[in-house]
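Hi,

Here is the structure I promised to pass on. Have a look at it first, then read my notes below.

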Amino acid sequence: MSEAEKCYHCSNPVPASLNLNINVGGEEYAVCCRGCQAVANLIHNDGLQQFYRFRDNRLEAPEPISSLDRSKYALYDRDDVLSSVATQPTSDGKRSLSLSLEGITCAACVWLVEQFVRKLPGVDEFWVNLSNHRAALTWKQDATPLSEVLLQLQSIGFRGYPFSATEEEKRLADEQKTMLVRLGVAGIGMMQNMMLAVPMYFGLLQDTPEYVDLFRFISLIVAMPVILYSARPFFKAALRDIRLRHLTMDVPVSLAIGGAFAASAWITFRGGPEVYFDSVCMFTFFLLLGRYLESRARMSAAQSNARLKQKAPQFVDLLPSQGAQGSQIDLTRAQLTPLRDIRVGDLILFKAGDLIPVDGEIVQGESSVNEAALTGEFMPRPRCTGDAVLSGSVNIDNSLVVRVTALDQDSHLSTINRLVERALQERPQLSAMADKVASYFVAGVLLTAAIVGFIWWRIDPAHAFAITLSVLVVTCPCALSLATPTALTTATTALRQSGLIITRGHALETLARASRIVFDKTGTLTQGELNLVKIDNRSSYSDAELLALAGSLEWDNPHPIAKAFQGYAQEPAQQIRNHTGQGVEGEHNGSRFRLGSLKFAIEKLPQSQNVAPENYQTVALADEKQLLALFYLTDSLRPSAKEALRQLQQEQGLRTAILSGDSSAAVETIASALAVTDTEKSCSPEGKLERVKQWQQEGDTVVMVGDGVNDVPVMAGAHLAVAMNNATDLTQVRADAVILNGDLRTFAFGVKKARDAYRIIRQNLSWAVSYNLLALPLAAAGYVPPYAAAIGMSVSSLIVVLNALRLSGVQKP
C-alpha cells in the first residue's frame with residue numbers, strides 16, 4: 001500500500017471511496033475519517049506538528065465526541081465526585097489527581113499530550129509516564145473544569161479517566177521505594193568499601209600501618225549505614241523466624257552479615273589481620289537486588305489488578321424504580337449516574353455496546369450479550385426478559401433494562417476472584433519440600449558452626465572466634481541463595497525481552513518439568529476474530545458488490561460477525577433492524593435485504609434453498625426474491641501456531657491437547673492442522689478442570705494456555721497457567737505467565753529457556769554444595785582465615801552469577 005493510501009494522522013488505510021484531505025504547507029494529504037481530519041487540523045493550528053516527525057507507531061482513529069461523552073465528563077465536576085478522585089484544593093485553588101490515558105503508543109504521543117494540556121488555562125503541571133500510561137495533573141478547577149480537560153484530551157484522540165490506586169498497590173509502591181533506597185545505600189557502600197579494600201588486599205599499605213587503621217576506620221563508617229539501614233530487613237526476618245522456630249536463609253545470612261561486621265569492627269579498634277566490610281556490603285547488595293526484582297514482579301501484578309478495576313464504567317444510565325410496575329418502562333427517563341451511587345434493586349439501562357458492570361436480571365428488552373470476558377468464546381448469546389446477565393459481559397444488539405442483583409464484591413467476577421485467590425494459596429508440593437530442605441540446611445550450617453566453635457574453644461580459645469567466623473562465612477548460603485534466584489532472574493529478564501512475562505516464582509521450574517501443554521482454542525490457537533474464507537455467489541452481483549452490501553447492513557454493528565464485513569462497506573444501509581440471535585435486515589438502493597443465519601435470510605422467500613453443510617460459520621445474504629450468497633467465515637489460526645506446536649511436539653517431546661468450549665467442527669479442523677490428537681470440544685469450565693485433574697493423576701505436569709475467565713479455574717488447577725496477550729484482564733492478572741506479543745513461538749522458546757534455566761540451576765546448586773563440602777573441613781581445621789573465607793564466598797557467588805548470565809539470550813525474530 002502506498003503512502004498516499006495511508007491516513008496522514010493515524011497511518012491506518014484510507015477507504016478507496018473516501019475523499020477527505022488536510023492541507024499541510026500547501027500540500028494535500030489524505031485522512032481516513034473526519035475525526036482524523038479534525039485532530040490533525042487542531043494539532044497544526046496549535047503549533048504541535050513536530051508530533052508527526054517523532055511518532056513511531058500507528059494510532060487509533062479518533063472517535064467523535066458525543067453528547068454522552070460530554071454528559072459523563074460533566075459528572076466529574078460534581079463536588080462529591082471530584083473530591084473522590086482528586087485532592088482537596090490548596091489555598092490558591094489548585095487540585096491534583098492521576099489520570100489513566102488510552103491511546104498512548106510512543107514518546108511522541110507523550111510529548112503531544114503534555115504540550116497540548118499544558119496550554120489549557122489553569123493547568124499548572126501535567127506529566128505523562130510512558131511506561132504505565134498515567135498522567136499527573138495539577139490544575140485550577142475554577143479556571144478549567146476537569147470535564148473540559150478530559151474533553152480536550154479526547155479532541156486530539158486520547159481518552160483519559162481518573163485513576164485511583166488500590167491499597168495493595170499503594171503499599172507495594174511504598175515498599176518498592178524504600179527497598180530501592182536500601183539498595184542504593186548498599187550499592188554505594190559496596191563500591192566505596194571495595195575501593196578502600198583494594199590497597200589492603202594487595203599489601204600496598206604494609207609500610208604505613210597508620211594508613212591501614214585509617215582505611216579500616218573509614219570502611220567502618222561507610223559500612224554502618226549498610227548494616228543499620230540496608231540490612232535491617234534481614235535482621236528483622238531472622239528475629240521473626242527465631243521466634244516462630246522456623247529457620248530460613250535469613251538466619252545464617254544475618255549471622256554472617258552481623259558476625260562479619262562485628263568482627264571487623266572489633267579488629268578495627270583492637271587490631272587484627274583483616275576486616276570484611278567490603279564483603280558485608282557486597283553480600284547485602286546482591287541479596288537486596290534479588291528481593292527488589294521480586295518486589296517489581298509483585299508491583300506489576302498489583303498494577304494489572306488495578307487496571308482491571310479501572311476497566312469498569314464509572315457511570316451508568318439509572319431509571320426511576322417506580323417505572324418497573326408498569327407494562328413498559330420509559331427509557332427516556334434514564335439519568336446518567338455514578339456507578340458508586342447504584343444500589344441493589346436499581347434499574348439500569350444498558351444500550352448496545354455498553355459494558356455491564358453489575359450482576360442483574362433483565363426486566364425489559366432482548367439482545368445478544370457477549371460474555372467473552374467470562375467464557376472466552378467470542379460469539380454472543382441471546383438474552384431476553386427474565387434472563388440473568390453477569391458483570392463483565394457486553395450488550396451487543398438492543399437496549400436492555402436490568403435490575404441490579406449484585407454489586408462490586410458480591411458480583412460474579414468478584415466471586416471468581418476469591419475462588420482463584422483460594423486456589424492460588426495452595427502451595428505446590430515442590431515449594432513446600434524446598435522450604436523444608438532449606439530449613440534443614442540452615443539448621444545444619446548453624447549446628448556445624450556451633451560445634452566447631454565449641455571444639456576450638458576447648459582446644460585454643462584465642463582462635464575459636466576467628467575459626468568459627470570462618471566456618472560461618474565460608475558455609476554462608478550466599479552462593480546457594482544466589483544459585484536459583486540469579487538464574488531465574490536472568491531467564492525471566494530474557495523472556496520478558498522476548499515477550500513472555502513471568503509473574504509467579506515457580507513458573508520457570510514448572511515450565512521446565514512440563515510434560516503436557518493444554519491449549520484453549522478460541523483466542524489462543526486462533527486469532528479470536530472471524531475472517532472470510534470463501535463466497536458461494538448465487539446472484540448476478542459481483543463478489544465485491546455482495547461484500548459491500550453485507551458491510552452496509554452491518555455498518556455500525558458491534559457483533560463479531562459484523563466486523564468481518566464492515567471493512568468492505570462504502571455507506572450504511574437504511575432502516576437497519578437487528579434480530580437478536582438471527583441477523584440484520586435493511587434497505588439499500590430501494591431494495592430490502594436480510595443478512596444472518598440461513599433460516600433467517602430465506603424465511604420470507606417463496607421456495608426452499610439447498611445448501612450443503614460446511615465446516616465453517618455460514619452467513620446468508622438474501623433479498624426479497626432469492627438467496628444471493630453464502631459467506632463462509634472461520635476463526636483463523638495464529639500465524640505462529642503451527643511452528644510453535646511443531647517445536648513443542650517434535651523438538652521438546654511434549655504432549656499437547658486442546659480443550660475448547662466451542663462445539664463446532666472447527667475444533668477438529670484446527671486440531672488436525674496442528675497435529676494434536678488429544679482434543680475435546682463443548683467443554684464447560686468444570687469439564688476442563690476435571691480433564692486436567694485426570695492428566696495430573698496420571699502423572700503429567702500440566703501447563704494450561706488460555707485467554708478467557710472461564711479458563712481461570714482450570715488455569716488455577718493446572719500446575720502452570722499461561723495467558724495470551726488478548727486474554728481478559730482477570731485472566732492475565734491470575735496467570736503465572738503472559739505472552740505479551742501474541743506469538744506462540746515465544747511460549748515454545750519459554751519452555752526451552754526454562755529447561756536451560758533448570759539445568760543451570762542444578763549446575764549452580766551442585767557447585768554451591770560442592771564448594772561448601774570442600775571448604776567446610778578446611779575452615780573447621782583452621783586452614784581458612786576469615787578473609788580467605790570471605791574471598792571464597794565471593795568467588796563462589798561470582799561463579800554462580802556468571803554461569804546464570806548464560807541465560808541472557810533472547811528469542812531471535
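Let's start with isoleucine 459, which counts as exposed because its relative accessibility is 59%. (Buried means under 20% relative accessible area, exposed means over 50%, and partly exposed is in between, with a 1.4 Å probe and protein chains only.) Isoleucine 459 sits in helix H14, which covers residues 429-459. Helices (H or I, at least four residues) and strands (E, at least two) are DSSP runs, numbered from the N terminus.

Before you go further: this is a predicted model, where local features need pLDDT of at least 70, side-chain atom pairs count only at pLDDT 80 or more, and totals for chains, interfaces and linings use all residues. Residues are numbered from 1 along each chain as its sequence is written, and side-chain values use heavy atoms, with hydrogens and water left out.

Back to Ile459: together with Leu447, Ile451, Phe454, Ile455 and Trp457, Ile459 forms a nonpolar surface patch with about 660 Å² of accessible area. Patches are made of residues with over 30% relative accessible area and no salt bridge; like charges are joined within 9 Å, and nonpolar side chains (Val, Leu, Ile, Met, Phe, Trp, Tyr) within 5 Å. A salt bridge is a side-chain nitrogen of Lys or Arg within 4 Å of a carboxyl oxygen of Asp or Glu. The areas come from the Shrake-Rupley method with a 1.4 Å probe, and for residues only the protein chains shown count as cover.

The unreviewed UniProt entry lists "transmembrane region" at several spans, including 214-235, 437-459 and 765-781. UniProt positions are given in the numbering used here, feature names are shortened, and annotations may be inferred rather than shown by experiment. Residues 214-235 are 95% helix and 0% strand, with end C-alpha atoms 28 Å apart. For residues 765-781, the span is 94% helix and 0% strand, and the end C-alpha atoms lie 24 Å apart.

Now for a covered spot. How many residues of strand E27 (residues 720-724) are buried? The count is 5 of 5. Leu720, Val722 and Met724 point one way from E27, while Ala721 and Ala723 point the other way. In a regular strand, side chains alternate between the two faces of the sheet. E27 pairs in the parallel sense with strand E26 (residues 702-706) over 4 bridges, and with strand E28 (residues 737-739), also parallel, over 3 bridges. Two strands pair if DSSP finds at least two bridges between them. Valine 705 has valine 722 of E27 as its bridge partner, and alanine 723 has valine 738 of E28.

What about disulfides? The count is 0, where a disulfide is a pair of cysteine sulfur atoms within 2.5 Å. As for individual cysteines, cysteine 7 is buried, with 3% relative accessible area, and cysteine 384 is partly exposed at 35%.

Next, some backbone angles. Most residues other than glycine have a negative phi. Glutamine 575, in strand E19 (residues 574-579), has a positive phi of about 50°, and glutamine 575 counts as exposed at 55% relative accessibility. Asparagine 589 also has a positive phi, near 55°. You'll find asparagine 589 in the loop between strand E20 (583-588) and strand E21 (591-596), exposed at 66%.

Last one: glycine 160 in strand E6 (residues 159-163) is buried, with a relative accessible area of 3%. Glycine 160 and tyrosine 73 are 87 residues apart in sequence and 9.9 Å apart in space, C-alpha to C-alpha.

Cheers
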